Amino acid sequence: MAELARVRIWAEALIRMHLDPAFGAGTWSFGFDHAKRRAGLCNYTDRRITVSRHLAQKFEDDEIHQILLHEVAHALAGPDAGHGPRWRRVAAEIGYIGGRTHDGEIAHELAPWLGACPAGHEHVRFRKPTRESSCAKCTRGFSREHLIVWRRR
């Protein structure tokens, strides 16, 4: 598990290394956010890179380093690059080896809503479910036979 103080040091070092104002990148900063599903974010308006404090504490050091490289690549490639060819090229140049999106674990233990289908598959929600839903593991499309029953944690 990564220590938040160490993550901050890595992030600030990567920002200095790749986003130095002397190279026309402007002033960028780093911080932690409270995201529970998203690992990192590059905010072009505020010129700020953030990482989920919840997920950073769950991931190993190498995973966090890759998340930081992913977000720095966004900052370098610019807001119009998305995850397209320009972003992929920049990301590879700075050593990023991951995919376009985070597919690791989420902070499911923080979800206030727990659900279960009749087959026992567990589901989590961070917001109160407002309509009926069925288990996608059991059936394609909506099915009353596979309705998820929600309860507050």
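This is a predicted model: local features need pLDDT of at least 70, side-chain atom pairs count only at pLDDT 80 or more; totals for chains, interfaces and linings use all residues.
A residue counts as partly exposed when its relative accessible area lies between the buried range, under 20%, and the exposed range, over 50%. By that rule Arg89, with a relative accessible area of 45%, is partly exposed.

**Stop 1: helix α4**

Select Arg89 together with Glu93. The two form a salt bridge, with their closest N and O atoms 3.3 Å apart. They are separated by about one helical turn, because they sit 4 residues apart in helix α4. Glu93 is exposed, at 56% relative accessible area.

**Stop 2: a network of three**

Next, select Glu3, Arg6 and Asp61, which salt bridges with shared partners join into one network. Between Glu3 and Arg6 the closest N and O atoms are 3.7 Å apart. Between Arg6 and Asp61 that distance is 3.0 Å. The Arg6–Asp61 pair links distant parts of the chain: Arg6 belongs to helix α1 and Asp61 to helix α3, 55 residues apart. Both are partly exposed, Arg6 at 28% relative accessible area and Asp61 at 26%. The count for the model comes to 6 salt bridges.

**Stop 3: the largest nonpolar core**

In soluble globular proteins, nonpolar side chains tend to be buried together. Here, select Phe30, Ile49, Ile64 and Leu68. Of the 31 residues in the largest nonpolar core, these four touch the most other members. To see where the core comes from, colour α1 (4–18), β1 (29–33), β3 (48–52), α2 (53–56), α3 (61–77) and α4 (85–93), each of which supplies at least two of its residues. Which element gives the largest share of this core? That is α3, with 8 residues.

Now centre on Ile64. Leaving aside residues up to four places away in sequence, Ile64 touches Ala2, Val7, Trp10, Leu55, Ala56 and Phe59.

**Stop 4: a second core**

Move to Trp113, Cys117, Ile148 and Trp150. They are among the 5 residues of a second, separate core.

**Stop 5**

Finally, select Cys135 and Cys138. How many disulfides does a search of the whole structure find? It finds 0. The nearest cysteine sulfur to that of Cys135 belongs to Cys138, 3.7 Å away, and Cys135 is in no disulfide. A disulfide needs the two sulfur atoms within 2.5 Å. Cys138 is likewise in no disulfide, its nearest cysteine sulfur being that of Cys135. Cys135 is buried, with a relative accessible area of 0%, whereas Cys138 is partly exposed at 25%.

Methods: Residues are numbered from 1 along each chain as its sequence is written. Side-chain values use heavy atoms; hydrogens and water are left out. Buried means under 20% relative accessible area, exposed over 50%, partly exposed in between (1.4 Å probe, protein chains only). A nonpolar core is a set of buried Ala, Val, Leu, Ile, Met, Phe, Trp, Tyr and Cys residues joined through side-chain atoms within 4.5 Å. Contact means heavy atoms within 4.5 Å. A salt bridge is a side-chain nitrogen of Lys or Arg within 4 Å of a carboxyl oxygen of Asp or Glu.
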